[in-house]
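Hi,

Here is the structure I promised to pass on.

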Amino acid sequence: MLHARTPPHARRAALRAALASGRLLRFPGAFNPLTAVLITELGFDGVYVSGAVLAADLALPDIGLTTLTEVAGRAGQIARVTDLPTLVDADTGFGEPMNVARSVQVLEDAGLAGCHLEDQVNPKRCGHLDGKTVVRVEEMVRRIHAAVVARRDPNFVLCARTDACGVEGLDAAIERARVYVEAGADMIFPEGLADAAEFEAVRAAVDVPILANMTEFGKSELLTAATLESVGVNVVIYPVTLLRLAMGAAEDGLRRLAADGTQTGLLDRMQHRSRLYELLDYAAYNTFDDSVFTFRIPGSPDGA
């Protein structure tokens with residue numbers, strides 16, 4: 001009720017332990033707090049907050065228009081409701097190295113378990129579009145170092161994303177990954193890889209966990225969890241899946257409503273009110289409210 005029962009530091013420690021286990025962790029993307037509740041209930045390992053989804057939710061393209069305040073605010077709302085660790089997309093860190101340092105501390109305060117920073121030039125582009133540009137290795141190293149120095153909880157996971165594969169080739173991306181690990185990155189996110197063999201090559205090159213992005217309609221083959229685990233991937237994110245499902249259903253429903261003049265024919269496609277109340281734990285709020293209303297101090301003269 002109201003908030004997750006597990007404090008942020010415990011969720012961060014749990015993520016560290018899970019990363020060390022060697023098993024594949026599945027992090028679907030939550031586009032609001034209620035979907036994070038659903039992700040938790042259905043037994044996933046963590047929650048992901050996508051920068052592209054957050055921008056889309058504001059009816060903006062994913063080109064670096066969102067601010068640290070917007071990202072931390074929404075990510076904090078999502079992290080608040082789940083006992084699972086929440087990983088957030090921090091784009092390029094929202095500025096120069098000092099901005100990166102502030103971003104890490106703000107995200108820590110918001111209850112996140114970790115974030116990823118990328119090596120694109122700002123303003124960035126979606127990782128599965130053409131026309132990206134990456135910064136010099138030295139500049140990304142400064143971003144990572146700033147994040148490492150600023151971090152107060154050593155269990156807060158700092159993931160370095162490289163978009164170099166689509167710009168400079170796989171070998172260059174692997175070399176960048178090695179350097180980013182030396183700079184202090186806890187995990188590597190090689191964006192835009194084509195297939196399992198490329199993930200396996202990255203796995204062989206670095207000794208920290210690696211993350212795979214299984215986004216639809218992009219450059220990467222949609223690999224199964226079993227395949228990803230077999231090539232040594234530690235975390236898989238499904239960043240936009242739930243938003244795409246929801247928006248597809250919303251658009252179809254609006255077209256039916258416009259055509260039919262009633263939502264009657266859509267009822268069997270809707271989440272029922274009772275299921276919504278179950279997810280919200282509505283009964284617990286009523287119980288709490290009743291207990292407060294009827295509370296009396298024992299032995300008080302008026303029973304108040």
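First, the ground rules. This is a predicted model, so to speak of local features we need pLDDT of at least 70, and side-chain atom pairs count only at pLDDT 80 or more, while totals for chains, interfaces and linings use all residues. Residues are numbered from 1 along each chain as its sequence is written, and side-chain values use heavy atoms, with hydrogens and water left out.

**Domains**

The chain splits into domain 1 (8-240) and domain 2 (247-294), with bounds that come from an automatic or database domain assignment. Their centres, taken over C-alpha atoms, are 32 Å apart. Four residues from domain 1 and four residues from domain 2 make the contact, where contact means heavy atoms within 4.5 Å.

**Pockets**

A quick word on terms: on a 1 Å grid over the protein atoms alone, a pocket is an open set of points with protein on both sides within 12 Å along at least five of seven lines, a cavity is a set where a 1.4 Å probe fits but cannot get out, and lining residues have an atom within 4 Å of a point. Volume is the space filled by probe spheres set on the points, with grid points joined across faces, edges and corners.

The largest pocket holds about 640 Å³ of space. Where does the largest pocket lie? Domain 1 and domain 2 both give residues to its lining, so it lies between them. There are 19 lining residues, and F31, A246, A249, R269 and Q271 lie nearest the centre. Helix 11 (241-260) and helix 2 (33-41) each supply at least two of the lining residues, and the largest share, eight residues, is from helix 11. Helices here are DSSP runs (H or I, at least four residues), as are strands (E, at least two), numbered from the N terminus. By class, the lining has 13 nonpolar, five polar and one charged residues. Nonpolar covers Ala, Val, Leu, Ile, Met, Phe, Trp, Tyr, Cys and Pro, charged covers Asp, Glu, Lys and Arg, and polar is the others, Gly among them.

The second largest pocket comes to about 430 Å³. Of its 18 lining residues, M1, L2, V37, V81 and L279 are the closest to its centre. This pocket also lies between the domains, because domain 1 and domain 2 both contribute to the lining. Helix 2 gives the largest share, four residues, and the lining has nine nonpolar, three polar and six charged residues.

**Cavities**

There are two cavities of 30 Å³ or more. The largest cavity is about 40 Å³ in volume, and its lining is L117, M140, I144, A147, L158, C159, A160 and A185. Helix 6 (137-150) and strand 5 (157-162) are the elements that give two or more of those residues. The class count is eight nonpolar, no polar and no charged.

The second largest cavity has about 40 Å³ of space. Helix 3 (51-57) gives the largest share of its lining, three residues, and the lining divides into six nonpolar, one polar and two charged.

**A helix pair**

L170, I174 and R178 in helix 8 meet E198, A201, V202 and A205 in helix 9. Those contact residues divide into five nonpolar, no polar and two charged.
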